[in-house]
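Here are my notes on this model, as numbered points. Please read them with the structure open.

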Amino acid sequence: MPGRPPKPTAVKALQGTLQKVRVRKDEPKPRGQLVPSAPPKGLTKGAQALWRYALECAPEALLTALDAAVFEQWCSQYDLACRLRDRINKDGEVVEDKDGNPIVNPLLHGYVKLMQQLRALQNDLGFTPASRTKISTGKPDAPKNEFIDL
């Protein structure tokens with residue numbers, strides 16, 4: 001049956017839209033938080049730096065250990081997008097073909113496709129402002145002022 005994929009129960013709970021009657025009893029529940037750690041060895045130096053930075057900045061309890069593969073893919077693609085952008089800026093958006101005719105830089109097509117994939121990954125991981133507003137980790141950012149209601 002085509003259509004929108006179902007939201008995981010954990011996401012519904014974080015968004016505050018969970019209804020007990022609609023909870024799937026057989027849904028798998030990932031355990032273990034993805035904590036700041038050494039990045040995987042297959043990543044480039046730029047992607048490893050992104051791994052460390054994003055894990056430090058991600059809201060607590062947002063990423064689980066099961067998200068590591070998607071997170072690794074995001075790091076790799078984001079690093080590749082930065083390198084492609086730098087190359088396109090250096091060579092220009094319009095280049096010459098072998099006959100000297102101006103054409104759109106072929107790297108630009110790859111860059112656009114990569115950015116579309118990155119956007120989907122960022123939404124899945126909660127890395128965009130819009131996707132973050134739909135998720136609450138249940139932990140307040142600042143302690144409540146007990147005197148505010150006086």
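1. Start with Asp 91 and Arg 87. They form a salt bridge, with the closest N and O atoms 2.7 Å apart. The term means a side-chain nitrogen of Lys or Arg within 4 Å of a carboxyl oxygen of Asp or Glu. Both residues lie in helix H3, four residues apart, about one turn of the helix. Helices here are DSSP runs (H or I, at least four residues), numbered from the N terminus.

2. A word on the basis. This is a predicted model, in which local features need pLDDT of at least 70 and side-chain atom pairs count only at pLDDT 80 or more, while totals for chains, interfaces and linings use all residues. Residues are numbered from 1 along each chain as its sequence is written, and side-chain values use heavy atoms, with hydrogens and water left out.

3. How exposed is this pair? Asp 91 is partly exposed, with a relative accessible area of 31%. Arg 87 is partly exposed too, at 45%. The cut-offs: buried is under 20% relative accessible area, exposed is over 50%, and partly exposed is in between (1.4 Å probe, protein chains only).

4. How many salt bridges does the structure hold? There are three. Side chains of opposite charge can pair when their charged atoms come close. Another of these bridges joins Asp 79 and Arg 83, at 3.3 Å, N to O. These two residues are four apart in helix H3, so about one helical turn separates them. Asp 79 is buried, at 9% relative accessibility, whereas Arg 83 is partly exposed, at 46%.

5. Arg 85 and Asp 86 also meet in a salt bridge through their side chains, at 3.4 Å, N to O. Arg 85 counts as partly exposed, at 36% relative accessibility. Asp 86 is partly exposed as well, at 44%.

6. Now the core. The largest nonpolar core has 20 residues. By definition, this is a set of buried Ala, Val, Leu, Ile, Met, Phe, Trp, Tyr and Cys residues joined through side-chain atoms within 4.5 Å. Leu 63, Phe 71, Trp 74, Cys 75 and Phe 127 touch the most other members. Helices H2 (45–57), H3 (68–91) and H4 (106–125) each supply at least two of its residues.

7. Last, check Pro 40. It lies in the loop between helix H1 (9–15) and H2. Pro 40 counts as partly exposed, at 22% relative accessibility. Beyond its neighbours within four places in sequence, Pro 40 is in contact (heavy atoms within 4.5 Å) with Gln 48, Trp 51 and Glu 72. Pro 40 and Trp 51 are eleven residues apart in sequence and 8.9 Å apart in space, C-alpha to C-alpha.
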